[in-house]
Protein chains: 2
Amino acid sequence: MKQVIRLAHGNGGKLTQELIRNVFFPCFNNSFLAPLSDSAVFKLNGTEVAFTTDSYVIKPIFFPGGDIGKLSVSGTVNDLAVMGAKPLFISCSLIIEEGLPLSTLKKIIWSIQETAIKSGVKVITGDTKVVEKGSGDSIFINTAGIGVVSSEIKLGFDRIEVGDRIIISGTIGDHSIAVLSQREELGFGESVSSDCAPLYELVEKLKPYWKDIKFMRDPTRGGIAGILNEIVQGRNFGIELWEREIPLKEETMAICELLGIDPLYLANEGKIIFFVNEKNANEIVEVLRNHPLGEKANVVGEVVAGPPGKVYLETIIGTKRVLDMLVEDQLPRIC
Amino acid sequence: MKQVIRLAHGNGGKLTQELIRNVFFPCFNNSFLAPLSDSAVFKLNGTEVAFTTDSYVIKPIFFPGGDIGKLSVSGTVNDLAVMGAKPLFISCSLIIEEGLPLSTLKKIIWSIQETAIKSGVKVITGDTKVVEKGSGDSIFINTAGIGVVSSEIKLGFDRIEVGDRIIISGTIGDHSIAVLSQREELGFGESVSSDCAPLYELVEKLKPYWKDIKFMRDPTRGGIAGILNEIVQGRNFGIELWEREIPLKEETMAICELLGIDPLYLANEGKIIFFVNEKNANEIVEVLRNHPLGEKANVVGEVVAGPPGKVYLETIIGTKRVLDMLVEDQLPRIC
């Protein structure tokens, strides 16, 4: 059977990983490509520079709590922030389907600029392409971002060790549910808002604890279960997540239960997962909770000796189950 | 009437310029955005860095002389090259329509890598999104590029003055005609190949003359007539182009005549327009001709006192006519 690209190749789950490991990495084959990082890092005359890119194809382009413009800046600056890089500049490239109202374009552009200002970045270069009706879907946006990595922060996937605590900066699943509620005729209205937000501020606020932070990721596509699985794959440790500690809005939980969707696999656009030293975990949570973007931060799990290579969920009722990586899409075009 | 985005907003002509000047610039409003440059330039701890982005939506994705992969690297590294920047790193972000054969994706990816190697750049970060059938068109690619600007080269739109010579590095229109010949059932076959190529080598070869080069652009969308119009707009000089000196392949000319298309407005993907000191113009042409990518280089015009703000063509039969900026699309989705 001829192999073709499926929606699930873009969902951040198993097929995305396969594509990256079996197609992209063997081809581009260079030491800057890092399988678990959201940005590449290189040195330019002594300065450590982080560089990242993302295309945004979210549907619908306006949703409670944001729009494709806000998302396209937040997503990219967050990929820099979790590398410990202060975001400085972004590019903005549009692929517009002909017929998009100019007023809609303007709204999106201004949303990009508003988020850029909030993030401390400048949009300094761009491109516009227009495709025929039916060859696109209103608007797709690509942003690439450049940031400077602080010499005071040393993040490394390889610094993670047994005993480290896992912190999430707030409630999970809200972005996906906000988008879903606009897409389907489910009558949920705007009860849940997307968490979509630029997060470098939050990272900066933790400066006194940078030495205790070992690794950061923003749990977008694939959700926290997907990201933790990426991290644990092939490693000599496991991860235990404590369901009772995971912050979840009541409204989000209600919609998830109704639809049979697992919030652990839902994309977030304004959250960070931290791997930190056990002894400072609670202090770090306190600092996060003092910032509006981290109010609901919590320690949600720990790195355990084994079984290695797996993510386990200790459920509210005390049972344990494996959280595997997602294969099929729960929800396509969420970012 | 409600204003909507039309195909012509993406063709590099008048409507593209209007969008840039009336929508994007007033919104993003910063000193790094340069209306006539293909890249933004900023300083990072003393190093001058060029940063650029382009999305590629060309149709068909394979054409004589190239494919969307080769194009997406060439186009972006050329935008760096014409800023006098040595291309170092690029990002690669894919928007794939579900159903694309995996074998096609692999072909494109390897073409990207082959062109990256030729260009001296590394693909160090990327992203993959998949959209439903009918929401895209096989594959769109965005690349963003980072280069370092040499301190030995001083390019500036404001350095252009009356008497400067205009050089084009080779034949014009080949890219558009190669793509068109694949798109329509015109029976032209593969008589014309795209000129699609990374060009930094050519810029580097001119190193002994860098001080004499005042401005460079790659005449992609809008063609040489479009690009020269952008440059001359609102300035106190004019441009005279000499039709008889403009390199044009016989096959390209024949197809243009048959279809009533003006090659001066056709996109090129492997050419540079140089504005240079009059006295070194011929020497620069000689250097270019000694490189395979510049074999057909020629002096094709000069900067004249007036009438200002206009591009004039001195035709082969000796008459003069204004070359205005294009409004409607001759050929959409050419890059």
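In the predicted model, chain A contains an open sheet of five strands. The strand order is β1-β2-β7-β5-β6, and the pairing is mixed. β1 and β6 of chain A stand at the edges. Each has a single partner strand, so one side of each is left without a neighbour in the sheet. From one strand to the next, the twist averages 20 degrees.

β1(B) pairs with β2(B) in the antiparallel sense, over five bridges. Leu44(B) has Thr47(B), in β2(B), as its bridge partner.

The domain assignment divides chain A into domain 1 (7-149) and domain 2 (157-322). Taken over C-alpha atoms, the centres of these two domains of chain A are separated by 22 Å. Contacts between them involve 30 residues of domain 1 and 28 residues of domain 2. On the domain 1 side, α2 (68-81), β5 (85-97) and α3 (102-119) of chain A each supply at least two residues. The largest share comes from α2(A), with nine residues. By residue class, this side of domain 1 divides into eleven nonpolar, 13 polar and six charged residues.

The relation between the two chains was examined next. Two copies of a chain are related by a rotation about an axis and a shift along it. Here a rotation of 180 degrees, with 0.0 Å of shift along its axis, superposes chain A on chain B. The RMSD of this superposition is 0.0 Å. That is the relation of a two-fold axis. In chain A, Gly136(A) has the C-alpha nearest the axis, 2.1 Å from it.

Between the chains, 66 residues of chain A are in contact with 66 residues of chain B. On the chain A side, the elements giving two or more residues are α1 (14-28), β1 (40-44), β2 (47-56), β5, α3, β6 and β7. β6(A) gives the most, with ten residues. The chain A side divides into 32 nonpolar, 23 polar and eleven charged residues. Of the interface residues of chain A, 100% are also interface residues in chain B, so the copies meet through the same surface.

β5 and α3 of chain A supply residues to the side of domain 1 that touches domain 2.

Some backbone features lie in loops. Ser138(A) has a positive phi of about 60 degrees although it is not a glycine. Ser138(A) is found between β6 (122-131) and β7 (139-149) of chain A. With 20 other C-beta atoms within 10 Å, Ser138(A) is buried; the cut-off for this class is 20 or more. In chain B, Ser138(B) likewise has a positive phi of about 60 degrees without being a glycine. The loop that holds Ser138(B) runs between β6 (122-131) and β7 (139-149) of chain B. Ser138(B) is buried too, with 20 other C-beta atoms within 10 Å.

Cis peptide bonds were also found in chain B. One joins Lys59(B) and Pro60(B), with omega about 0 degrees. Pro60(B) lies in the loop between β2 (47-56) and β3 (62-63) of chain B. Another cis bond joins Gly306(B) and Pro307(B), where omega is about 0 degrees. Pro307(B) lies in the loop between β12 (298-304) and β13 (311-314) of chain B.

Notes. Residues are numbered from 1 along each chain as its sequence is written. Chains are lettered from A and ligands numbered from 1 in the order in which they are written. This is a predicted model: local features need pLDDT of at least 70, side-chain atom pairs count only at pLDDT 80 or more; totals for chains, interfaces and linings use all residues. Helices (H or I, at least four residues) and strands (E, at least two) are DSSP runs, numbered from the N terminus. A residue is buried if 20 or more other C-beta atoms lie within 10 Å of its own, exposed if 12 or fewer, and partly exposed in between; C-beta atoms are placed from the backbone. Copies are superposed by least squares on the C-alpha atoms of residues with pLDDT of at least 70 in both. Two residues are in contact if their C-beta atoms, placed from the backbone, lie within 7 Å. Domain bounds come from an automatic or database domain assignment. Ala, Val, Leu, Ile, Met, Phe, Trp, Tyr, Cys and Pro count as nonpolar, Asp, Glu, Lys and Arg as charged, and the others, Gly among them, as polar. Two strands pair if DSSP finds at least two bridges between them. Axes are lines fitted to C-alpha atoms, for helices over the stretch in contact, and angles run from 0 to 180 degrees between N-to-C directions.
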